[in-house]
Structures are given as structure tokens and as C-alpha cells.
Amino acid sequence: MLRWSKGRPASCYSRGCGLPSYTEIEEPTGPEDNVPEMSWVRHLKGVYVTFGPGATVAAISMPWEYSAVRLTNLPKDCSSSTVAECLRGELGVQVPEDKIELQSVFGGETAADVTMDDSDFAKKIINALDGHATVDYHAVALLPPKHRAATFGVIRGNTVNCSWHKPNRTAWLNFKSLSAASYVKSKFSASEYRVDGIRVCPGFPKANDGVKASTWKLQLDKVPASASRSEIVEDIERSHRPFHVELSRATYKIPVEEAVSEIVKLLMRIGPLDPSAVDSTEGQGRRYKVTVRFVDAKDAAQAIKLLNYKPLPFCTHGKLTVQRIFTVRMRLPDHVYAAVTEDIEAMYRDWKQNHLTVTISIAIKGFRDIIFEGQSLERVAEAQASFESIAAGELLTEDGMPLWSASFATNAWAYNQMRELERQFGVLVLCDRKERTLRMLGPRHILGRARLEIAKLCNRDPRLDFYIHLDPNALPWLLRGGYQHIGRIVGRDKVGLDLVSEPRYLVISGSEADLQAAQGLYHNRRQLPEPPVSATGPDECSLCGFEAEHAVLTECDHLYCGSCFEDMCLSCAGTPSRMPAVLCYGDAGQCRTVLTLTAIQQNISSAALERLFERMFATFVGANARQYRYCPTPSCEQVYRVDEPNEGAKAPTAEFEFSCPQCQVAICSFCHVSHYNTVHCPLRNKRVQV
């Protein structure tokens, strides 16, 4: 549905225009708020993956399996059943009603999106309707919903901006003296005089002839057609106002709503639009603007080729400007954003010069959305790279080696001292326990002194860090109280968990004796009585047991550190299972509530969310080898669906031949070997016999 507004909404401010200023817009919360990345479809390993609650793999679609069409010019009172009946009765095409989704498109009309698991379906429908005698439906190929992948941190080019001049006219101001005409001309040239706040183009005064001889005429071009005679002279002092104003005809008279309708219809002929992403703005300038988002980015590129600088359908002298907009969206913890605000402000000038718009949401649940938009793909990519580099922070090293202290792995004394240094210097230190690295963010003039103090802290730490490999089935025991039990014996600040690495580890920060004590408890856990579970305090993390940093509260009322919550999500994604899911580890591992995708997305960075999806899919494919496989060609990661021969068949037939779209090698989807590079494939043997 078209949204028409005059100017920018009051709740939205964009960086990139004028002086740098904080951008604060309300953050979208779900797919209904028109965020493509939150449709939860990703393009991974050559296939389209739809994720469901708990980040589970809800569906996998091969690129060649589906096709879809959008049907328009439907009757006003149509329904899914009437569309299905028409296709069946008039075209002889059977389409179940649940494959038809009605859409409210531009102008209040109804369209039907029809998706079938038949790669030739769209061509069949389009050809059948072409020139059909009784059916007036219009059909255009549509990107199937299961193929509409969008990824945080990946640039999209589905959006186009269209603009054209508002109707204008020429005005002639008649003066009794040349001096008055020249004075008014100078004021309009200097933009001290405007018409309805818009700058106009004055000519040079010319002498009138005929009945108006001895008077002077000043021509004004680009005068808004909506301006009256009194509004044209409103800025002119009474002593210099003309005695008469003449007006030409407007360049066109079509109402703005009809003009917008004509432009959108031009775009719809090129390809289907996202019904929820058609926006029009009148603004205060000389041009009307319409922004649309195509379902398929290929159509956006085609719109530029076919429509840019072409005549307007309602004004042959006017030209339509069509510009493609590239967009990338990221999600960043607010405490990271706050630490790099100074660096971001310094980048504004470059972003402005490159004609980029930077939009930053207000902080909601400790995170901000960062959106870069621009007409140049290269400029948007450069801005994204510079922003990500700033947000990653400076790697702390000494003598070419990363700075690290064993105490950082287990919230021990050096870790607490480091947090105190953070507060003292006004910096932020990102502690990556998996990679054993520190990255610092903050004002540039302070980083040197802070780095020096942290280096001294690392050198004073007498502890060593050790890693005990965890068996695949050890995690439940640790969550049920084993982790707390080891902490009570060895020392609470000497024990930590690495749930993200594969395999997982129990981390010991201390001495050799501490390691031996922890190993004894862990390896003899089956002979020990069930350890008692101590309830966590109201401000303590359900996973690490310490006071929650950057706290996350789940829908099931369990509290986590921000980093522990992210580790839990990634741990669940790496847990071998035919249907891995993100489950809450609260109540000593007994909660097991499946977290919603929205709850997950709201509490981790966009980069962590995409890692979660990738890991979840890899785990799913590995645990479902009877259904999905990777291409056997070395270095090729294309996923394909395993085919099973019909009952009684001794060998696969040609229908099992899968041509990998990435490496172009023909593979048998039954025995998973190349047809032509081995003698073991039954399909190849059958061909040889023939």
C-alpha cells in the first residue's frame, strides 16, 4: 500500500545530509515492519534455508525447485478459491488454494502470488494467459518467497528512487522602472526572495512594448504551479512590488496522486514490487519522489536501464530520474556504539561527500540498528568496511603477540582489574575468550595509556590457563551442578566454560594442581553422587554464575550475560541433533524453552546471528546425511537433496543425475559420486552396459 507523506517523518532523522547529528528512529521488531533480513530466509551453501523458532531449519529449497507468478487485474471480490477455480477451469492448471496468497498492491488493487514446486510453472501460466480470449489476468514472474534471502551485513540493491519535477510555470513581473525590476532580479538571484520557499530562476529585465511601453518585465522560470500571484510577490517589499503579474500554463496539471500512480505502474511493468515498501514523499523541494522496493534485485537494475531519464508519461517535456539504492543493515551492541561514537563522528564528512545516508536506531534492549544507503555500491561497501573496522576495535599486542591473561578466561582478579581500568580511562575492552584476544575501543588519545596499563596487568598475572576436552554428553552434567561443584572445590574464579569451540572445553585458570583437581572431578563424575545445584542470585548469570554483564532476560525469565547468551545460542547450534534448536540453559539446564527468533535476534549482534544461522545449518546437514549432502568435489560446498530410488529399483536412473551449479560436475544424488570420474556409480555402469 502506498504511503504518502510531506517531508521526512518526525521520528526519523538521517545522517549524511547537513551537519552530523544523532539519528534516532524506532527500531523495527519483526517482518511485519518491513525488514527483509527478518523474513529469516538465508542463502547458504547454494540453497535457500528458512529458519523457524529456535533458529531451527524449517525448510530447505533448491534454487531450481520452485517458481512463482504474480497475477494482477483480478476482480475486486476475488478470493483464493475463485483464482484457483479460474486457473483450473479456464487454463486447465491445478493449483491448491494454499499455494495462492492474496496481496494488496498499489492503488488498493488485489494481486495473487502463486507459488508451486515446479520450475516451469511460471512460464506455463504466463504463456497460457498471453492473449487468452476470456481471462484478463496479467501474469509476471515472481521470485518465490522461499528464495527471497536477505542477510544482515550483506548489501542489497532491490530499492529504486524515482523523482521528477513538480509542475511549474513561468511568471512575468511588470515594473514601472528598470531600477525596481533590477533590484527584484538581484534578490531572486541571491535566493533572498523565494516562491513558497523554493528558489526560482530570474532572467534579465526587458523593456515592454505596445500598450505597456516604458515599463519593464522580469521573467521568472521554475515557479511552482501551485503558487498564486500573491504568493509569488509575497517576499517582495511593497515599495518594489510589480504592478502586474502574468502567468503561463503549468507544465502539467495531473494531480500528484495520479502522477505517482502513473510512475508506480511503469515500475510494476518491469517486475513485482514489495507491497509494503512503496513510499512517496512530496517534500519542500522542486521534485516529487517515489521509493519502491522490487521483490527481485534484477528488476531494480532493469528499471534503471529502461526508465532513467525517459519522458514522463504525463509530460513529454519532463524527464524521470531513476536511481538504484544500495542498502546494508547491521546490528551493534549499544555499549560498543557508545565507545566508538567519536570515531563515527569523524567519518561523517567522508560519508556525506560520498552521498551516503546513515541511519541509526535508538537503543532497544541494548542494541542499535545501523543502516547505510547510497547510489554507489562501492561507496556503501567502503563505508560498511570502515564502520566494521571501527566497531571491531584495536587488537592489543605486545612484541607482536596478542595480549592475554589466563584470568580473563574465568572472571578472575585480572579480569575485574581490567574492567576497573575501563571505567578509569573511559574505554571498552572486548574480551574474546575463544580466540584469547583483547580489542580496545574508545577515544584515540586515551588508547595508548590504557593499552600500557593492560599490558602491565597481563604481565603480573601468575596464572596459567588449561583446557579439558569435554565429552559430547558432558554438558548436561555440568549444567545440572557439575560446573558449580568443580568451582566450589577448585575455586569459583578458576573455572570457565568454552561452549562455542568444537569440541567444547572446561577452562581452568590457575596452577597445575588446580588442573589435576578439576580433571579428577570431571573424569570421575559418574562415580560421584549428583552434585547439589545452588540457585543463582537475582542478578547472576544462569550460565557463568557471576553478575550478569550487559544482561539479557529471556522470555522464560532467565538472566544471562550478553556474551553468555550468545555462547549459549552458538552452543545449541553446534549440538549434534537431527533438529538442533536454541534452548534456554536456565534452571540448571532443565528449562529447555525454545527461544523465538525475534528474542534471539534482539539480544545478539547481527554478525553473531548470521554465524548462528550458518552453524545451525551445518549441524543440520551433518546430522541428516540421508536427506542432504555436500557436493563431493573438493572445495565445493554446494548442498543437494539425496534421492532414493523407487521400491524394487536396483540402480538409479537418469533422474538422479545432479549437475552441481557451482562446480558444474555431474553427480549421482543416490550414491554421491561423479558419474564420469569413477567406475563405482551404478548409473554410470548402466550407461556403459547400454
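Two strands count as paired if DSSP finds at least two bridges between them. By that criterion, strand 26 and strand 28 (residues 505-510) form an antiparallel pair with six bridges. Helices (H or I, at least four residues) and strands (E, at least two) are DSSP runs, numbered from the N terminus. The model is predicted: local features need pLDDT of at least 70, side-chain atom pairs count only at pLDDT 80 or more, and totals for chains, interfaces and linings use all residues. Residues are numbered from 1 along each chain as its sequence is written, and side-chain values use heavy atoms, with hydrogens and water left out.

- Three strands make up an open antiparallel sheet in the order 26-28-27.
- Its edges are strand 26 (464-469) and strand 27 (495-498), each of which pairs on one side only.
- Neighbouring strands of the sheet are turned by 25° against each other on average, direction ignored.
- Y467 stands opposite V507 in strand 28.
- Helix 12 (residues 475-490) lies across strand 27 and strand 28 and runs at about 145° to strand 27; axes are lines fitted to C-alpha atoms, for helices over the stretch in contact, and angles run from 0 to 180 degrees between N-to-C directions.
- Helix 13 (residues 512-523) lies across strand 26 and strand 28, at about 15° to strand 26.

- Strand 24 (residues 428-432) and strand 25 (residues 437-441) run antiparallel and are joined by five bridges.
- L430 has R439 in strand 25 as its bridge partner.
- Four residues lie between the two strands of this hairpin, and R436 takes a positive phi near 60°.

**Packing of helices 5 and 6**

- The axes of helix 5 (residues 256-270) and helix 6 (residues 297-307) come within 9 Å and cross at roughly 120°.
- Helix 5 is therefore oblique to helix 6 (under 35 degrees is roughly parallel, over 145 roughly antiparallel, 65 to 115 roughly perpendicular and the rest oblique).
- L266, L267 and I270 in helix 5 meet D299, Q302, A303, L306 and L307 in helix 6, where contact means heavy atoms within 4.5 Å.

**Aromatic pairs**

- The whole structure contains 13 aromatic pairs, a pair being rings of Phe, Tyr and Trp (its six-membered ring) with centres within 6.5 Å; planes under 30 degrees apart are stacked, over 60 edge-to-face and the rest tilted.
- The ring centres of F372 and F387 are 5.8 Å apart with planes at 65°, so this pair is edge-to-face.
- F372 belongs to strand 20 (residues 367-374) and F387 to helix 9 (residues 377-392), 15 residues apart.
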